[in-house]
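Please open the structure in a viewer and keep the selection tool at hand. The stops below are to be visited in order.

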Amino acid sequence: MPLDRRRFLQSAAAGLAGLAWPREALAAGDPRHFIVVFAQGGWDVTFALDPKSKPACDVPEGKRARYPGGLEIFTGPGRPSVARFFEANARRAAVVNGLWVGSVAHAPSRARVLTGTRSLRAPDVGAIFAAAAAEREPTLAMPYVDLGGGARSGPLARHMGRVGATNQLVALLDRAKAQRKGKGKGKGKGGDLGFDPDAAERQAIEAFVERRAALLAREPGSATVDEYRGSLARAEALRQSPDLRGLEIGRTTSLAQQSALAIALFQAGIARAAYLDTRLDWDTHDDIADQDASHEQLFAGLVALMAALDAAGLAERTTVAVLSEFSRTPKLNSQPQPGKDHWPVTSALIVGGGVRAGRYGATDDALGALRIRLDDGRADDRGHLLQYDNFAAGLLEHLGVSSRRWITTAEPFHGPFA
Amino acid sequence: MIGVFGCAREPAPHRPSADAEPTPPVESPAIERPTATRPLARLAPIAPAKALVLLSPEDHLVRIALVLRGARPRPEELEAVRRDPAAIEAIVDRYLDEPTFGEVVRDLWNEVLLLRVEAPRYNLPAVGPLAEYAESPEALRTIAEEPLRLIEYVAVHDRPFSEVVTADYSLATEVGIAAWGATTLPAEAGARLPEGWQRVRWDSEQPMAGILSSGALWLRHPSNGANNHRGQAEVIAESFLCSGFLDRDVPLFNNIDLSDEEVVKSALTREPGCVSCHQTLDPLASHLFGFVRVAPGAIRKAHDRDGECSKPGRPVCYPLAEYDPKRAGSYRKKTGRAPNFFGLPSRDLTTLGAQIADDPRFSMCVARRFYGYFMQVEPEAIPDATAASLQDALLGADLRVKDLVKAIVLADDFRAIGGPGPIEALVGRKTTRPEQLSRLVADITGFTWTLTPANKKFGVIDLLATDRLGYRAIAGGVEGTQVNEPSYAYSPTRSLVLQALAAEAAAFAVKRDLAAPAGRRELLTIDGAARGDDEVRAQIVALYQRVLAESIDPRGAEADAALALLRPALDRDPGRAWTLLLAALLQDPRIAFH
């Protein structure tokens, strides 16, 4: 039975009060959070996370830098934020190398890395975690928020909301505000807002629709109608969110803006998981130098994200997974402006949320995946290939969710998740 | 920063198609002894009829009208089915000949081919001879729509669907002709071309093979780096044979440098793990080596401020010459594998198209895709017995998909809302897709949800068909780059889309009708000053019928509930009161689902 409106709004109010909570107010029973930061297109891990050398690999300008916990990172003058990030966060950061994806095509690789399955229709780790959170906290209005546009909810779609590439969700939450801005700038056409029901009218409409939906939901094959009922009160709770209503619209959101909103939604008790996108094109078949600039922007964003989580008192309870669907070939290709093509081995960066800092997994000099022990992530010729499904299952278990339902056969990777 | 802050709407005139006609009066003459004109193939039922919970004949018609017309059934159609459920067959025949069916076919194949994307890297820039369209993005969008238009043309003209990959012509607008270069062909006798579209043959000398010869298709699915057109071969195999390669793993190798073309070339013919896929994938890809990579960014860079292209003769100047016959044989150096279709010798795109058409996987795949779209199930989840009967139906109709669609929508599978055990997941309530929602609301209210930003380069934006400013993916649709699968579940953000659309459409319709003289009102026929209980209840009954295709008792619980919603504001502000009720009805579960 879907939650009623009153419970949702009470919950939302409690969540908003949480915005003022001091950092030390977080207690052992406080909820966990999960953020995915996705680098779409395939990053070149030799630029930071998996240092390599010539001649086996074509590598950028830079040097190997060591950080606490045994982390070895490749830093360079064109991407100073990589060093800044690890200087500030190495003690709570884990790098996983040699992650075998088994595909060199974008869509299936993305699905594998995010979901731990081959299915293009399976829910990703964020969706599974959020669904579990929603079971514990039925009043969450939007357990999983897709701020980057690439989250995969599969059959768990009822738990996920999309904000849109330019925050256009705001125009749905606050019609009057959108309208005022439109008129104020004298822009846009069709500016007369047709009908913007007030709270009482919305409540009356919702009650009317809910009654009708309840009748229909009694019929066979109407589980989706029940989900619709549940979404009505959740939608109203979103409408009450000052963080969402306060967003600027009409501009593609940066990683920093996505990060700020994710944290605000966590604090407000609206969401427990968020999907963020770097908004960069990592698919550098041409001009590998673009990876340098992209790494700089990504890690600058991650520095800010972790600082914001610290400021909000959420870093200890928030696991941030920075992922990309695959990496790039060890050597440059023969394009006029050489780039690198797709490579079925990648790395992952996990930060915060109690992750065991250090470096896990292994690759050889030519970026080939080596066998490891799944319990501690150390290289072992008699061990296993660390596959996408082991990784996703381990991440889920780390987040406190059994991986068995969705990633049915994979042994969870424990390495940084012990 | 783009020049728009909010979401506004542009009330549009009625759609030109028949579904936008004002609601005919209920008293219209009923269909007398309707006669079906098409054969009806019987599909193998997904479960015994007794095990399925079926919609009533009227609700079955409502579901069919939504998916084929994007509209409510006409009153006389509902009446005909009430009197004789068998009348539904002739009504379906009529729907299949209406223009909206062509739109539905395009929507379906867009979910397969993912052509309607907004990312600049997949769209040709409005420079050079296309600069005149810089403020007409609707015209520019016809470039990406071209393969879908050919598919629609084949389907609505009752041609064998294999023409999609064998046609020696295509369709293009003047924009597409300017972009790619094409020679117009005479229209075929009796054929109906969409306004602004012409039959063409591409000028770049590619062998003609339906959409396989389309520069627009390969602009959306480019071959990058050392991919050697394998990604494009995958698009063909997956889209038309449902037999893609991407669910297979690349073999584990730590000794093959994928960036060294010679090493890779050797491995692909010697390493068993590579050979198993590449012996069929690469020969398929070898048909496509004549296609030149078209890079919108490079096209933009090649044009100066005066619109002159600095690199004439290169595939960065319009017309693009997207195919270079001299490069068609370059597979010899790249992969060394001659064109071939899963072991059968092939020569070029034309022979490839013919072989695809003859492959039993083609008819099976097309049948699965149509059934899957209407049933909202994954093509591979369709039981084999059902799939086999779908294929038989398509083959029995000489690959004409209208007959297949007729068989699908009239089957008990499609009519069912419940079934035993795992069947329940295949039947049941269908969720109205964003494009269906857009058509349905336009049909009911005359309202289309669009936005016209101040920056004219955006043109008129269909808010349920786009994502940069619109709500397509939020509403469960396919965005085409990151969101490639439709969603059938209602999330809170999807509900917000429906709520906003309902409010805007209701306001538009009520404002229009209350300002119109009696007799010219379309949805709300009551006078704004009317307060009488009978009048108000009669209007409520009419709204339920028109909006929800539901007959209610004017003195029953439904009418009472509607009246309770209406009454508080009716005396004070009747326009607002009726808008409130209509907004509620437009977000009813009978709108959200079908």
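Two strands pair if DSSP finds at least two bridges between them; helices (H or I, at least four residues) and strands (E, at least two) are DSSP runs, numbered from the N terminus. The model is predicted: local features need pLDDT of at least 70, side-chain atom pairs count only at pLDDT 80 or more, and totals for chains, interfaces and linings use all residues. Residues are numbered from 1 along each chain as its sequence is written, while chains are lettered from A and ligands numbered from 1 in the order in which they are written.

**First stop: the sheet**

Select the strands of chain A that form an open sheet of eight, in the order 6-5-7-1-8-11-4-12, with mixed pairing. Strand 6 and strand 12 (358-360) of chain A stand at the edges with a single partner strand each, so one side of each has no neighbour in the sheet. On average, neighbouring strands of this sheet are turned by 15° against each other, direction ignored (axes are lines fitted to C-alpha atoms, for helices over the stretch in contact, and angles run from 0 to 180 degrees between N-to-C directions).

Next, select strand 5 and strand 6 of chain A, which run parallel and are joined by three bridges. A:Y144 has A:M160, in strand 6 of chain A, as its bridge partner.

**Second stop: helix 4**

Now select residues 125-136 of chain A, which are helix 4. Why can helix 4 of chain A be called largely enclosed by the rest of the structure? The reason is that 10 of its 12 residues are buried, a residue being buried if 20 or more other C-beta atoms lie within 10 Å of its own, exposed if 12 or fewer, and partly exposed in between, with C-beta atoms placed from the backbone. Among the buried residues are A:V125, A:I128 and A:F129. The buried residues of helix 4 of chain A pack against several elements of chain A, including helix 3 (106-115), strand 7 (273-277) and helix 12 (388-398); two residues are in contact if their C-beta atoms, placed from the backbone, lie within 7 Å.

Move to B:F370, which touches B:L108, B:V401, B:L404, B:V405 and B:I408, not counting residues up to four places away in sequence.

**Last stop: confidence**

Colour chain A by pLDDT, the predictor's confidence in each residue, from 0 to 100. Chain A averages 89, and 89% of the residues score at least 70. Select residues 12-27 of chain A, where pLDDT stays under 50 and the model has 18 contacts beyond four places in sequence. Then select residues 180-191 of chain A, where the pLDDT is below 50 and the model has 32 contacts beyond near neighbours in sequence.

Note on methods. The expected span of a helix is 1.5 Å times one less than its number of residues.
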